[in-house]
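I opened the notebook to go through this model piece by piece. My entries follow in the order I looked things up.

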Amino acid sequence: MSSLLRLATAGSVDDGKSTLVGRLLYDTKSVLADQLDAVTRASVDKGLSTPDLSLLVDGLRSEREQGITIDVAYRYFATPKRSFVLADTPGHVQYTRNTVTGASTAQLAVLLVDARKGVIEQTRRHAAVLALLGVPQLVLAVNKIDLVDYDEATFTVIAKEFASHAETLGYPQGSVLAIPVSALEGDNVATRSERTPWYSGPSLLEHLEDVPVAPDPHDSALRFPVQYVIRPRTPEYPDYRGYAGQIAAGTVRPGDEIVVLPQGIRSRVERIDTADGPLEEAGAGTSVTLLLADDIDISRGDLIAAADAPPRITDEITGTLCWLSSKPLKAGARVLVKHGARTVQALAGELHARFDEQALSSVDAPATLELNDIGLVTLRLAEELGVDDYGVSPRTGAFLVIDPKDGDTLAAGLVGERFS
């Protein structure tokens with residue numbers, strides 16, 4: 001079992017995400033005494049008799065004052081079984097872009113719904129985003145179960161409705177675990193609650209500790225985006241030339257045949273250096289410096305890949321965009337595409353379709369993509385890139401669309417069609 005789980009929370013505003021995260025931190029004793037004292041004082045100032053655990057997560061002053069989450073808040077906690085990196089994402093529609101950011105690296109997502117409201121529009125939108133990003137594990141936390149008197153029938157209706165929706169998004173039947181919780185009271189968060197005797201499943205924390213998680217794709221083809229070229233030119237290392245970065249996918253060993261893209265030049269890995277000394281093998285997620293057998297003109301943004309399984313070299317990407325800007329996208333727009341460490345100029349070509357996440361259908365040939373729209377778009381690149389389909393290699397199948405005028409991020413892009 002993996003010792004680290006990367007997870008994200010999602011859901012509509014006021015569903016209690018920050019309170020749930022605060023409860024997890026509190027119940028796992030991951031809160032320092034001075035932090036808890038500060039939250040207690042702030043809660044008293046608000047006229048509350050018990051600590052408002054959401055304040056442990058909502059760190060921005062504007063978040064505290066409004067009682068909402070705006071930014072993505074990353075929190076780290078651990079139990080004897082596993083360590084966790086958790087992204088608490090906003091619930092407001094206008095902050096859907098932050099949900100994309102928080103969920104982009106998640107291995108599991110906890111999607112909250114208010115037991116009084118059930119599955120609503122934003123619930124379906126977030127579920128569609130999670131499916132689009134390929135988050136493999138999904139938990140439905142039916143929160144505020146205490147406000148419906150721990151009613152089993154209410155929980156069952158919500159769980160069945162969402163399970164049906166998740167299945168249409170591609171999650172296998174029976175794969176979504178629904179848990180009745182009360183983040184405020186602690187029911188079924190860290191431990192199972194006696195107030196839900198009709199629920200026989202695990203608490204949320206028990207599930208997070210035991211859920212199997214697929215490891216990083218070490219068995220796939222090597223993908224190594226070059227982030228920095230190391231040339232010390234010192235008396236000790238006069239001819240050293242190393243290419244530093246983090247392995248995005250696959251495994252590399254000395255002697256492996258590689259190809260440098262987009263140039264298409266082949267070579268062989270001579271050595272793998274790290275700050276702790278050389279390695280005989282390195283896998284996905286490891287930061288290394290590769291030394292090659294040949295002197296090649298390699299720059300930041302180039303891609304070192306397995307010679308026998310290289311990515312596709314193209315000057316045109318047809319991909320699924322999650323549009324994150326209030327500026328609409330129209331055909332012919334000039335943009336920048338950032339793929340790995342490389343940024344190239346691009347032109348928006350045809351807008352093929354827009355996904356309706358509520359009706360789970362697509363609209364052909366939309367005139368524009370608006371804020372929070374998900375669409376299939378062709379981008380024509382000024383320079384060639386080495387790309388994979390997102391479903392094959394998420395790290396080299398993802399890209400950003402950037403406004404060349406001010407550098408703002410316009411969209412998160414995934415190579416290939418992620419909806420049909």
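**Entry 1: a strand pair and its hairpin**

Which residue in β22 is the bridge partner of V401? I looked it up and found A411. I note here that the model is predicted.

I then followed the two strands. β21 and β22 run antiparallel and are joined by five bridges. They form a hairpin, with six residues between the strands. I checked the turn and found G407 there, with a positive phi of about 80 degrees.

β21 also pairs with β17. That pairing is antiparallel and has three bridges. I picked out K338, whose bridge partner in β21 is L400.

K327 and D403 form a salt bridge, with the closest N and O atoms 2.6 Å apart.

Are the two partners buried or exposed? K327 is partly exposed, at 36% relative accessible area. D403 has 7% relative accessibility, so I log D403 as buried.

**Entry 2: other salt bridges**

How many salt bridges does the count give? I have 15 written down. I took a few of them in turn.

The side chains of K81 and D210 meet in a salt bridge, N to O at 3.1 Å. This pair links distant parts of the chain, 129 residues apart. K81 sits in the loop between β2 (73-78) and β3 (83-88), while D210 sits in helix α7 (residues 204-210). K81 is partly exposed at 46%. D210 is partly exposed too, at 43%.

Helix α7 came up again with the next pair. R192 and E206 make a salt bridge through their side chains, N to O at 3.0 Å. R192 is in the loop between β6 (177-180) and α7, and E206 is in helix α7, 14 residues apart.

D114, R116 and K144 are joined by salt bridges that share partners.

A reminder to myself: side chains of opposite charge can pair when their charged atoms come close.

**Entry 3: aromatic rings**

I turned to the rings next. The count comes to four aromatic pairs. For F77 and F84, the ring centres are 4.7 Å apart and the planes are at 15 degrees, so I log this pair as stacked. Both F77 and F84 are buried.

How are the rings of Y237 and Y240 arranged? Their centres are 5.8 Å apart and their planes are at 75 degrees, so the pair is edge-to-face. Y237 is partly exposed, at 40% relative accessibility. Y240 is buried, at 14%.

F155, W198 and Y199 are linked by ring pairs.

**Entry 4: the seven-stranded sheet**

I traced an open sheet of seven strands. The order reads β7-β15-β11-β12-β14-β9-β8, with antiparallel pairing. Which strands stand at the edges? I found β7 (223-225) and β8 (228-230) there. Each has a single partner strand, so one side of each is left without a neighbour in the sheet. Neighbouring strands are turned by 40 degrees against each other on average, direction ignored.

Inside this order I looked at one pairing. β11 (residues 257-261) and β12 (residues 265-273) pair in the antiparallel sense over four bridges. E257 stands opposite R268 in β12.

**Entry 5: confidence**

I finished with the predictor's own scores. The mean pLDDT of the protein is 87. I note that 91% of the residues reach 70 or more.

Where does pLDDT stay under 50? I marked residues 60-70. For this stretch the model has 24 contacts beyond four places in sequence.

Definitions and conventions. Residues numbered from 1 in each chain as written. Heavy atoms only, no water. Salt bridge = Lys/Arg side-chain N within 4 Å of Asp/Glu carboxyl O. Buried < 20%, exposed > 50% of the residue type's maximum accessible area, 1.4 Å probe, protein only. pLDDT = per-residue confidence, 0-100. Contact = heavy atoms within 4.5 Å. Phe/Tyr/Trp six-rings, centres within 6.5 Å; stacked < 30°, edge-to-face > 60°. Pairing = 2+ DSSP bridges. Axes fitted to C-alpha atoms, helices over the stretch in contact; angles between N-to-C directions.
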